[in-house]
Amino acid sequence: MIDKFNHVALTVPNYSYTFNFEKNFVYSDALTTITNHYPNCFYYSAIYVILIFTGKYYMSSRPKLELRGALALWNILLAVFSIFGFLRMSSEMYHVLSYYGFYHSVCVPSFLTQDPVTAFWSLLFILSKIVEFGDTAFIVLRKQPLMFLHWYHHITVFLYAWLCFIETTAYARWNAVVNFFVHSWMYSYYALKATRFDPPKWIAMMITTLQTVQMIWGCFITIMAYSYVKSGQVECHVKLQNAKIGLLIYLSYFILFGRFFKQAYMSNKHGKKVGRKSDTNDKLIKVN
């Protein structure tokens, strides 16, 4: 098979098992629908902002809702989804890095055009960014502090993930795999918290560190892609504008996460609050 993006036939990972809905998925068929639907994402984002701040106002004069059972189920489902997503997409990443190298992982979108399994999970990945708006609903209804980092991150990840999908951006495989990995830890942590387990503070710190490293890696990947495209030596399926947007977004995340880490774990005053109230830890790291 000839790939229109890299002009060579590539092998895909030899999965031990594939479901029919995975192997029968065709990226080009989904691409048209997602592309046509993309303008609506900006309306969804606006509705999301209106609802969360209207919800905060509504709850300001009402007692908070515990929602312990619903919160536990929510986090368990998202943890399982993230683990499966990471396992499915990391196989393709390992295969590409082993046989084709780093350049391919950044510049050749074979994970979308030639591998129906990773293409299918890439679609689920971008759709999950709508579902994850539900994280904010729990914060509002449970009357926890709503940080700018939380809702800013949700909106920008949502819009950028969809943009990368419709532009067949090659390095989006890194975005998805790393995000699935971090979310596997984060939602598992929150599932434990919701079921009244109390993991040690270093686990929360580790997850925030992983989130920060994710942003550093995102900056590195976009810079590498930009340099490959600008060099003009070989074809790299990444739009310069996309790389610029990606770099600005990841850089803003890095600054915000760094500031958040300092306030959450390096401030004595804040540290005492965390020690007194375990729920504070919940709102500290659930921003990704």
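How many helices and how many strands does the protein chain have? The protein chain of this predicted model has 13 helices and zero strands, where helices (H or I, at least four residues) and strands (E, at least two) are DSSP runs numbered from the N terminus. Residues are numbered from 1 along each chain as its sequence is written, and side-chain values use heavy atoms, with hydrogens and water left out. Because the model is predicted, local features need pLDDT of at least 70 and side-chain atom pairs count only at pLDDT 80 or more, whereas totals for chains, interfaces and linings use all residues.

**View 1. The whole chain and its annotated segments.** Buried residues make up 52% of the 288 residues in the protein chain, with buried meaning under 20% relative accessible area, exposed over 50%, and partly exposed in between (1.4 Å probe, protein chains only). Of the contacts with a separation of 6 or more, 84% are accounted for by residues 24 or more positions apart, a contact being heavy atoms within 4.5 Å. An unreviewed UniProt entry places the feature "transmembrane region" at residues 71-89, 119-141, 148-165, 202-229 and 241-261; the UniProt positions are in the numbering used here, feature names are shortened, and annotations may be inferred rather than shown by experiment. Residues 202-229 are 100% helix and 0% strand, and the end C-alpha atoms of that stretch are 40 Å apart, while residues 241-261 are likewise 100% helix and 0% strand, with end C-alpha atoms 30 Å apart.

**View 2. The largest nonpolar core.** A nonpolar core is a set of buried Ala, Val, Leu, Ile, Met, Phe, Trp, Tyr and Cys residues joined through side-chain atoms within 4.5 Å, and the largest one here has 77 residues, those with the most contacts inside it being Val 106, Ile 126, Tyr 171 and Tyr 253. Helix α8 (residues 148-166) gives the most to this core, with 14 residues. Not counting residues up to four places away in sequence, Ile 126 touches Ile 34, Ala 161, Trp 162 and Phe 165.

**View 3. The kinked helix α2.** In helix α2 (residues 27-59), a kink of about 45° lies at Tyr 38, shortly before the proline Pro 39; the bend at a residue is the angle between axes fitted to the seven residues ending there and the seven starting there. The buried residues of α2 include Ile 34, Tyr 38, Cys 41 and Ser 45, and the buried residues of this helix pack against α5 (110-113), α6 (116-131), α7 (134-141) and α8.

View 4. Two or more lining residues come from each of α5, α6, α8, α9, α10 (201-231) and α11 (240-265), and α8 gives the most, with seven residues.

**View 5. Buried residues paired across the sequence.** Thr 118, placed in helix α6, counts as buried because its relative accessibility is 0%. Leaving aside neighbours within four places in sequence, Thr 118 is in contact with Tyr 15, Arg 88, Met 89, Glu 92 and Phe 111, and its C-alpha atom is separated by 8.5 Å from that of Arg 173, 55 residues apart along the chain. Val 182 in helix α9 (residues 172-194) counts as buried because its relative accessibility is 2%, and its C-alpha atom is 10.0 Å from that of Val 213, 31 residues apart in sequence. Ser 110 lies in helix α5 and is buried, with a relative accessible area of 5%; Ser 110 and Thr 11 are 99 residues apart in sequence and 9.5 Å apart in space, C-alpha to C-alpha.

**View 6. Two loop residues with positive phi.** Leu 67, in the loop between α2 and α3 (68-99), has a phi near 55°, a positive value in a residue other than glycine, and counts as partly exposed because its relative accessibility is 29%. Lys 143, in the loop between α7 and α8, has a phi near 55° and counts as partly exposed at 38% relative accessibility.
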